[in-house]
Amino acid sequence: QRSLVGSEMCIRDSGRTLQRSLNQAGNVKEGYEPLKEDNVIGEKTTSAFNSLKEEDEDGLLASLDKTVI
C-alpha cells in the first residue's frame, strides 16, 4: 500500500471541506439544516450549495475561501 500525496488527500477530503463550508455559510440562515460532514457529495449537499448560492453567493464564496485557505 502506498501513501497518498498532498493533492490526492485534497481530492479525498474535498467533500468534507465543501460540507464544512456550506455549514459555516448556512448556520447564519434561518431554517438551515446542517449537513453531516461525511465527505459524500450527494443530493443534500448539492441542494444546500444551490440554495445558499441563490440566497447569498458572495457570503458562500467568502465561507469557501475561509475553509480552503
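Buried means under 20% relative accessible area, exposed means over 50%, and partly exposed lies in between, with a 1.4 Å probe and protein chains only. This is a predicted model, in which local features need pLDDT of at least 70 and side-chain atom pairs count only at pLDDT 80 or more, while totals for chains, interfaces and linings use all residues. Residues are numbered from 1 along each chain as its sequence is written, and side-chain values use heavy atoms, with hydrogens and water left out. The protein chain has two helices and zero strands; helices (H or I, at least four residues) and strands (E, at least two) are DSSP runs, numbered from the N terminus.

**Chain totals**
- Of the 69 residues in the protein chain, 23% are buried.
- The protein chain exposes about 5,100 Å², and 51% of this comes from carbon and sulfur atoms; the areas are from the Shrake-Rupley method with a 1.4 Å probe.
- Among contacts (heavy atoms within 4.5 Å) with a separation of 6 or more, 45% join residues 24 or more positions apart.

**Nonpolar core**
- A nonpolar core is a set of buried Ala, Val, Leu, Ile, Met, Phe, Trp, Tyr and Cys residues joined through side-chain atoms within 4.5 Å.
- The largest one has eight residues: Leu22, Ala25, Tyr32, Leu35, Ala48, Leu52, Leu60 and Leu64.
- Helix 1 (6-26) and helix 2 (43-68) are the elements that give two or more residues to this core, and helix 2 gives the most, with four.
- Leaving aside residues up to four places away in sequence, Ala48 touches Leu22, Tyr32 and Leu35.

**Largest pocket**
- A pocket is an open set of points on a 1 Å grid over the protein atoms alone, where a 1.4 Å probe fits, with protein on both sides within 12 Å along at least five of seven lines; lining residues have an atom within 4 Å of a point.
- The largest pocket has a volume of about 150 Å³, taken as the space filled by probe spheres set on the points.
- Its lining consists of Lys29, Glu30, Gly31, Tyr32, Glu33, Leu35, Lys44, Ala48, Ser51, Leu52 and Glu55.
- By class, the lining has four nonpolar, two polar and five charged residues.

**Single residues**
- Asn39 lies in the loop between helix 1 and helix 2 and has a positive phi of about 70 degrees although it is not a glycine.
- Most residues other than glycine have a negative phi.
- Asn39 is partly exposed because its relative accessible area is 24%.
- Glu57, in helix 2, counts as partly exposed because its relative accessibility is 40%.
- The C-alpha atoms of Glu57 and Ala25 are separated by 9.9 Å, with the two residues 32 apart along the chain.

Methods. Ala, Val, Leu, Ile, Met, Phe, Trp, Tyr, Cys and Pro count as nonpolar, Asp, Glu, Lys and Arg as charged, and the others, Gly among them, as polar.
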